[in-house]
Amino acid sequence: MEAATRYDDEEIRNQIDTIPVTGDGLLDAEPLFVLVENILKHTAPILDTFLLGTQAPTGKIEDMNTSASFSSPLCTLKQISCMMDYKALGVINAHETTLSILHMLSHYSWGARAVMTLAAFALGFGEFWILMRIHSSNQLANSLAFLKGLLVLAEPPGLQKHKQALAELVNLNKATLEVIRCIFELQKLPNYGTENVPALSKTLDHVPVDVYWVVRTVVGCSAQMTRVTNDEDQSVDLSSLAHNLDSILNNLKKQLNICKQQIGETETEAYQTLRNLFQIHPKIVEVFKALCYGKSNLQPLIDGSNHFNEVNFDVVLKHKYVLLLISGPDMSDNDLRTLKQLHREIGNRGKIVWVPLIVGQTSIDMERMFRNRSSKVPLYLVQQFLHLLPGIKFIKDEWHFRNEPIVVVINPKVRVEHRISLRQIKGIDSFPCFRKKNIDVIVDGICRCACQCLCVHRENTNV
């Protein structure tokens with residue numbers, strides 16, 4: 001018999017705190033989650049067909065798409081299945097099996113551990129139902145069902161015996177999916193620090209315990225499925241696990257709403273700070289801090305023309321025109337040529353600083369792409385990718401960024417003088433602040449004439 005209350009959360013936390021999280025497991029967990037969701041949502045109609053005598057819906061069930069580059073961790077899933085099949089016998093063994101699975105997956109994130117365990121169960125659960133559905137019309141499926149000892153369940157009376165247990169499995173699968181979905185959503189929320197979003201760090205800190213209960217529930221489901229397929233009379237009591245999972249789901253949804261509210265308030269304040277900033281004669285370093293870092297620590301600039309060495313903002317940019325280049329990594333070769341020409345023509349009067357903008361999650365490949373691009377143009381690079389929502393909203397609202405590279409000119413008094421699309425730039429004359437004024441042209445002309453007269457006079461004297 002399962003009993004979710006045998007171990008309390010504090011005791012569980014003490015045990016799972018000894019499990020490392022290296023985070024270097026190469027798995028994109030969300031595509032796997034999509035596959036699992038697709039599998040499980042196809043099982044309910046088949047279950048209804050067998051247990052209720054209804055016809056499975058002929059309409060196509062809309063599946064989520066999975067990336068073609070996704071590689072299934074099939075060997076690991078089979079290992080998890082074996083651990084659940086042969087060890088989950090009773091409360092103590094279920095707890096030990098859960099810890100063993102978490103240990104085995106220690107090089108994956110907590111969210112990945114949860115979805116991989118559910119995927120291991122879905123692998124067998126989906127196979128069971130597809131064999132039940134087609135065994136009578138497909139000889140291959142019939143032979144497989146016979147080999148797996150499933151023919152006793154193939155007729156409605158066989159499955160009717162386990163109707164309640166199977167329905168309970170379907171409901172638990174849905175709840176488990178929802179818990180994992182909430183965990184993924186939590187992990188994708190922008191983290192503005194404990195002082196701004198206290199609910200987020202507290203909720204994330206409890207995720208390992210939530211994942212423990214997800215895995216524990218899947219272990220219980222696996223034990224239940226083993227008894228069903230073996231046509232055993234006594235089923236596993238999963239009611240306490242179901243109740244516990246329901247409480248976890250309700251709490252996660254509640255905490256998600258609180259986190260989103262706190263994040264919204266923080267972002268509103270940060271956006272207003274950005275809007276007010278240019279009205280109070282800020283330092284250039286304050287602009288970069290508010291735009292790219294928020295309340296995180298300011299990091300030095302990277303000098304793309306000098307082996308990516310770190311340099312101080314004030315040392316490089318103080319009393320200079322700053323040309324903010326705002327774009328994604330997808331700049332064309334023409335864009336790079338424009339930047340090189342601009343760098344030559346500006347000379348020492350201004351500095352080009354690239355603010356890489358990212359909407360969504362960053363990746364190692366994306367970071368490499370930015371580095372590769374910035375090495376081809378003598379410019380400076382902000383270390384923090386611009387993914388703070390207030391900063392993104394500000395450049396869209398105030399500087400009219402529309403996904404194409406733009407250049408925003410900030411003068412030495414830290415005032416925005418000009419904003420232009422990178423693809424509209426035709427050399428230095430595209431920037432009013434760098435054009436010579438009429439008086440400068442006259443003075444330059446006088447100086448050139450004076451120099452020419454002096455040269456002629458010297459030549460005549462020498463003669």
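**Terms and the values behind them**

Modeller: Lys-320 is buried yet has no salt bridge, and the nearest side chain of opposite charge, Asp-314, is 13 Å away. This is a predicted model, in which local features need pLDDT of at least 70 and side-chain atom pairs count only at pLDDT 80 or more, while totals for chains, interfaces and linings use all residues. Residues are numbered from 1 along each chain as its sequence is written, and side-chain values use heavy atoms, with hydrogens and water left out.

Colleague: What makes you say that Lys-320 has no salt bridge?

Modeller: A salt bridge needs a side-chain nitrogen of Lys or Arg within 4 Å of a carboxyl oxygen of Asp or Glu, and for Lys-320 the nearest side chain of opposite charge is 13 Å away, so there is none. A polar atom of the Lys-320 side chain does lie 2.8 Å from the backbone oxygen of Asn-348.

Colleague: Why does His-319 count as exposed?

Modeller: Exposed means over 50% relative accessible area, buried under 20% and partly exposed in between, with a 1.4 Å probe and protein chains only; His-319 has 65% relative accessibility and therefore counts as exposed. His-319 also has a positive phi of about 65 degrees, although it is not a glycine.

Colleague: Why is α1 called roughly perpendicular to α10?

Modeller: The axes of α1 (residues 9-16) and α10 (residues 198-229) come within 10 Å and cross at roughly 100 degrees. Angles of 65 to 115 degrees count as roughly perpendicular, under 35 as roughly parallel, over 145 as roughly antiparallel and the rest as oblique, so α1 is roughly perpendicular to α10.

Note on methods: Lys, Arg positive; Asp, Glu negative; His and termini not counted. Polar contact = N/O pair within 3.5 Å; in protein donor to acceptor, adjacent residues only side chain to side chain. Axes fitted to C-alpha atoms, helices over the stretch in contact; angles between N-to-C directions. Helix = DSSP H or I, 4+ residues; strand = E, 2+ residues; numbered from the N terminus.
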